[in-house]
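I opened my notebook to get to know a new structure. Come along and see what I looked up.

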Amino acid sequence: MTRINVTVDGVKYSDEVEPRTLLVHYLRETLGKVGTVVGCDTSNCGACTVHLDGRSVKSCNVLAVQADGHEVTTIEGIGSGGELHPMQKAFHENHALQCGFCTPGMIMQAIDLLKDNPDPSEHEIREGLEGNLCRCTGYHNIVKAVAAAAKAGE
Ligand code: FES
Ligand code: FES
């Protein structure tokens, strides 16, 4: 076992983990952050996307020990004071989800995308989200939501 010290959604944690523990399993099973989901476990679907020091990563593709000394933000940490994050609002207002399984990862990826490119074209949005799969929506409303969040200045 190895001890890691990590800040998750603004709270400091210190835990013993096995060196092979994936970050997504640490988040879900040790910390109870079940808003971050596992869709494939093979780094294809993006459902497990979180931010590591502010940049999106697929948390099934990162070891918990790699987060030692770093800051992780999950979908559960982006709203503030009971208010949805503007990207969450945009997804809600644009009906950008059906089953919702891809949504946490999609939102975390979309936030990172706008950090790099605050005014993306439709093509750039699609390209920025290409690592995140959605089996329900056909992506149209997801792209609309990200464009709306960009327009709103998120
Ligand atoms: S669960 Fe991580 S990419 Fe699918
Ligand atoms: S809303 Fe169902 S997978 Fe995207």
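Before anything else I wrote down what a nonpolar core is: a set of buried Ala, Val, Leu, Ile, Met, Phe, Trp, Tyr and Cys residues joined through C-beta atoms within 7 Å. Buried means that 20 or more other C-beta atoms, placed from the backbone, lie within 10 Å of a residue's own.

I noted that this is a predicted model, where local features need pLDDT of at least 70, side-chain atom pairs count only at pLDDT 80 or more, and totals for chains, interfaces and linings use all residues. Residues are numbered from 1 along each chain as its sequence is written, while chains are lettered from A and ligands numbered from 1 in the order in which they are written.

**The core**

I found 42 residues in the largest nonpolar core, and Leu23, Ile107, Ala110, Ile142, Val146 and Ala149 have the most contacts inside it. Helix H3 (103-116) is among the elements that supply at least two residues each, and H3 gives the largest share, seven residues. Helices here are DSSP runs (H or I, at least four residues) and strands likewise (E, at least two), numbered from the N terminus.

I then looked up valine 146: beyond its neighbours within four places in sequence, it is in contact with Ala110, Leu113 and Ile125. Contact means C-beta atoms, placed from the backbone, within 7 Å.

**The domains**

I read off domain 1 (2-77) and domain 2 (86-151), with bounds from an automatic or database domain assignment. Their C-alpha centres lie 21 Å apart. Domain 1 brings 15 residues to the contact and domain 2 brings eleven.

Methods: Two residues are in contact if their C-beta atoms, placed from the backbone, lie within 7 Å. A residue is buried if 20 or more other C-beta atoms lie within 10 Å of its own, exposed if 12 or fewer, and partly exposed in between; C-beta atoms are placed from the backbone.
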